[in-house]
Amino acid sequence: MEQSIMVNSPIVIGHRGAAGEAPENTLASFRLAAEQGSHMVELDIHMSEDGKLIVCHDDTLDRTTDISGAIRSLHSDVIREADAGSWFSPSFAGERVPFLEEVYDLLPEHIEINVEVKDSGGALFDEVLLNYLRGNNRIDRTVVSSFDHKLLLRLKQAEPELRIGLLYAADLIHHASYAALLETEVWSLHPHHGLIGACDAEDAVAAGLHIYPYTANRSADWDRLLSIGVTGIITDYPGRLKGHLSRLNLIGTTNSLHG
């Protein structure tokens with residue numbers, strides 16, 4: 001029997017694109033996430049030795065490409081020579097490590113981008129990232145998240161229009177109260193999906209916060225998150241999540257990305 005859930009449908013956020021079905025943080029992965037109906041994609045950035053914003057989860061290229069080395073110590077020309085697809089499947093051979101600008105150029109403007117900062121490298125990184133996001137209304141389609149909450153506060157103070165999201169893997173006593181400690185506007189909470197409960201979510205939504213738990217890939221986890229009222233779900237399988245939501249015949253409209 002099909003189920004109906006009396007909640008708004010959460011937005012579907014593709015983790016590193018559609019990382020369960022394509023090599024993570026590649027244009028192929030982001031393209032697939034868009035094709036599967038993601039409302040937002042999540043990606044990770046570092047800065048290369050010559051100041052380019054590089055989309056990669058790890059601080060080295062060792063795991064996801066055919067070359068090795070720390071991103072901050074490599075010139076972008078060297079990074080571009082790496083094969084970032086063959087490790088996942090021979091069918092993705094030749095996929096490159098993208099620059100951040102390529103992801104923005106690739107995705108339709110209605111798809112928002114959650115930029116997770118992995119290794120900021122200090123003031124120069126802040127300047128490079130904010131200068132890029134200030135162009136062509138990119139600020140409006142971006143949420144910047146990080147486990148480094150001091151970094152997020154610094155970016156928010158430099159650019160008040162920036163939306164920031166707090167990443168964490170802790171079972172906080174009161175999630176909304178932690179966000180308030182920053183004494184600035186926080187857009188979203190990004191807890192591990194197993195570390196937020198119904199009361200936590202209710203308090204956060206009441207405080208005007210969006211809740212984007214990571215990285216939920218099983219239907220049982222999706223159902224639990226739906227039941228507690230999260231506003232978005234980060235997943236490696238955006239197409240599967242989209243289908244799951246459709247089969248549930250969710251009642252109501254998709255949560256707005258901006259309010």
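The model is predicted. Mean pLDDT for the protein is 93, with 93% of the residues at 70 or more. One is residues 1-6, where the model has 14 contacts beyond near neighbours in sequence. The other is residues 251-259, with 30 contacts beyond four places in sequence.

Let me start with α1, residues 27-35. Which residues of this helix are buried? They are A28, S29, F30 and A33. As a general point, an α-helix has 3.6 residues a turn, so residues three or four places apart point the same way. Just after α1 comes G37, which has a positive phi of about 95 degrees.

Next, the helix pairs. Two packed helices are described by the angle between their axes and the distance between the axes.

The pair I take up now is α4, residues 123-133, with α5, residues 149-158. Their axes come within 11 Å and cross at roughly 50 degrees. An angle of 35 to 65 degrees falls between roughly parallel and roughly perpendicular, so α4 and α5 are oblique to each other. The crossing is right-handed. From α4, the contact uses D126, L129 and L130; from α5, it uses L151, R154, L155 and A158. By class, the residues of this contact are 5 nonpolar, 2 charged and no polar.

Leaving aside residues up to four places away in sequence, what does L129 touch? The list is I45, L53, L100, V117 and L155. L155 is also one of the α5 residues in the helix contact. On spacing, V144 is 15 residues from L129 along the chain, and their C-alpha atoms are 10 Å apart.

The other pair is α8 with α9. Here the axes come within 11 Å and cross at roughly 55 degrees. By that angle, α8 and α9 are therefore oblique to each other. Is their crossing left-handed or right-handed? It is right-handed. On the α8 side the residues are S219, W222, D223 and L226, and they meet R240, L241, H244 and L245 of α9. This contact divides into 4 nonpolar, 2 polar and 2 charged residues.

I will finish with two threonines in loops. T215 is in the loop between β8, at 210-211, and α8, at 219-228. The cut-off for buried is under 20% relative accessible area; T215 has 19% relative accessibility, so T215 counts as buried. Beyond four places in sequence, T215 touches H15, H193, I234, T235 and D236.

How values were computed. Residues numbered from 1 in each chain as written. Predicted model: local features only at pLDDT ≥ 70, side-chain atom pairs only at ≥ 80, totals over all residues. Heavy atoms only, no water. pLDDT = per-residue confidence, 0-100. Contact = heavy atoms within 4.5 Å. Axes fitted to C-alpha atoms, helices over the stretch in contact; angles between N-to-C directions. Helix = DSSP H or I, 4+ residues; strand = E, 2+ residues; numbered from the N terminus. Parallel < 35°, antiparallel > 145°, perpendicular 65-115°, else oblique. Left-handed = near helix turned anticlockwise from the far one by under 90°. Nonpolar A, V, L, I, M, F, W, Y, C, P; charged D, E, K, R; others polar. Buried < 20%, exposed > 50% of the residue type's maximum accessible area, 1.4 Å probe, protein only.
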